[in-house]
Amino acid sequence: MENTYEDMILPVTTITSGDGLETASDLYCLPIQIVNVCFAGDPEGDWVLVDAGMPRSADTMLRVAEERFHGSKPQAIVLTHGHFDHVGAIVDLVQYWNVPVYAHELELPYLTGRADYPPADPTVDGGLVTEMSPLFPNDGIDLSGHIRSLPADGSVPSMPGWRWVHTPGHTPGHVSLFRDRDRALIAGDAFVTVKQESLYKVIMQETEFSGPPKYFTTDWGLAEESVKKLEALKPAVAVTGHGRPVSGDVLAEGLRLLANDFKRIAVPQQGRYVH
């Protein structure tokens, strides 16, 4: 394995970066610069890391894991998808913990070094993050020997009670994780709770229900179907890949409006992947 992102520095940080939030007794959301990772599991028991954050952020996740789980390593790392801001520290973490990594089978070409993602599209609706997006890495990463497909039965290894839901559009193999018992949702980038294209809103973390980040989304028809699929689950609490966790009526109403008016709210008016 080679960390292809180790020299990548993104000089953008939100006001919530580093301020972890417990959305359930066994679900801890940690913002790292512009993205969220989740520590899923009871602090006194087994646990799983969901997504692997920004490049050069391994030390932050290792420190939080040490504090929350008393030095125990995760049973696995589960990836919602393989964009650079969700796998930025994966190589360092796998080398340190030596644990398996799981993702949807359609995401594996990008996680075994066989394919690169389509490049970011800076022509979608304006915003400084969109304008910076051509600088974001779109190359795949090679986790051969560690990466495995998620089970076909929908279960999530080492996360009892959770199931994965295929939510493509942002990437072909994007998944979200859902627990029926308390209707907890880890959405990844299927939808987000901040306008990710706006640098000001990203920094300030203003809550705003949005579709997947526009500059990296390549199939808007599938993205709309995915949001409607998640809305139909009626989640009670949601951690998205970008933005603050949301719950209750705010989540229900925001997700309902997004699903019902997706084309107006989420789909850019122009862009290379729009039509």
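Leaving aside its neighbours within four places in sequence, which residues is Phe-39 in contact with? Select Phe-39 and look around: Asp-26, Leu-27, Tyr-28, Leu-30, Trp-47, Val-48, Leu-49, Met-61, Val-64, Ala-65 and Phe-69 are there. Contact here means heavy atoms within 4.5 Å.

Before moving on, a word on what you have open. This is a predicted model, where local features need pLDDT of at least 70, side-chain atom pairs count only at pLDDT 80 or more, and totals for chains, interfaces and linings use all residues. Residues are numbered from 1 along each chain as its sequence is written, and side-chain values use heavy atoms, with hydrogens and water left out. The mean pLDDT (the predictor's confidence in each residue, from 0 to 100) is 95 for the protein, and 98% of its residues reach 70 or more.

**Stop 1: the sheet.** Show the strands (DSSP runs of E, at least two residues; helices are runs of H or I, at least four; both are numbered from the N terminus). Seven of them form an open sheet in the order 1-2-3-4-5-6-7, with mixed pairing; two strands pair if DSSP finds at least two bridges between them. Strand 1 (21-24) and strand 7 (147-149) are at the edges with a single partner strand each, so one side of each has no neighbour in the sheet. Now pick strand 2 (residues 27-32) and strand 3 (residues 35-40): they run antiparallel, joined by six bridges. Pro-31 sits opposite Asn-36 in strand 3.

**Stop 2: a helix on the sheet.** Select helix 1 (residues 58-69), which packs on the sheet and touches strand 1, strand 2, strand 3 and strand 4 (48-50). Its direction makes about 155 degrees with that of strand 2 (axes are lines fitted to C-alpha atoms, for helices over the stretch in contact, and angles run from 0 to 180 degrees between N-to-C directions).

**Stop 3: the core.** Phe-39 returns here, among the residues with the most contacts inside the largest nonpolar core, which has 45 residues. Such a core is a set of buried Ala, Val, Leu, Ile, Met, Phe, Trp, Tyr and Cys residues joined through side-chain atoms within 4.5 Å. Buried means under 20% relative accessible area, exposed over 50%, and partly exposed in between (1.4 Å probe, protein chains only).

**Stop 4: His-86.** Finish in helix 2 (residues 84-87), where you will find His-86. Is His-86 buried or exposed? His-86 counts as buried, because its relative accessibility is 0%. Its side chain makes a polar contact with the side chain of Asp-51 (2.9 Å); a polar contact is a pair of N or O atoms within 3.5 Å, and within protein one must be able to donate a hydrogen and the other to accept it, while residues adjacent in sequence count only if both atoms are side-chain atoms.
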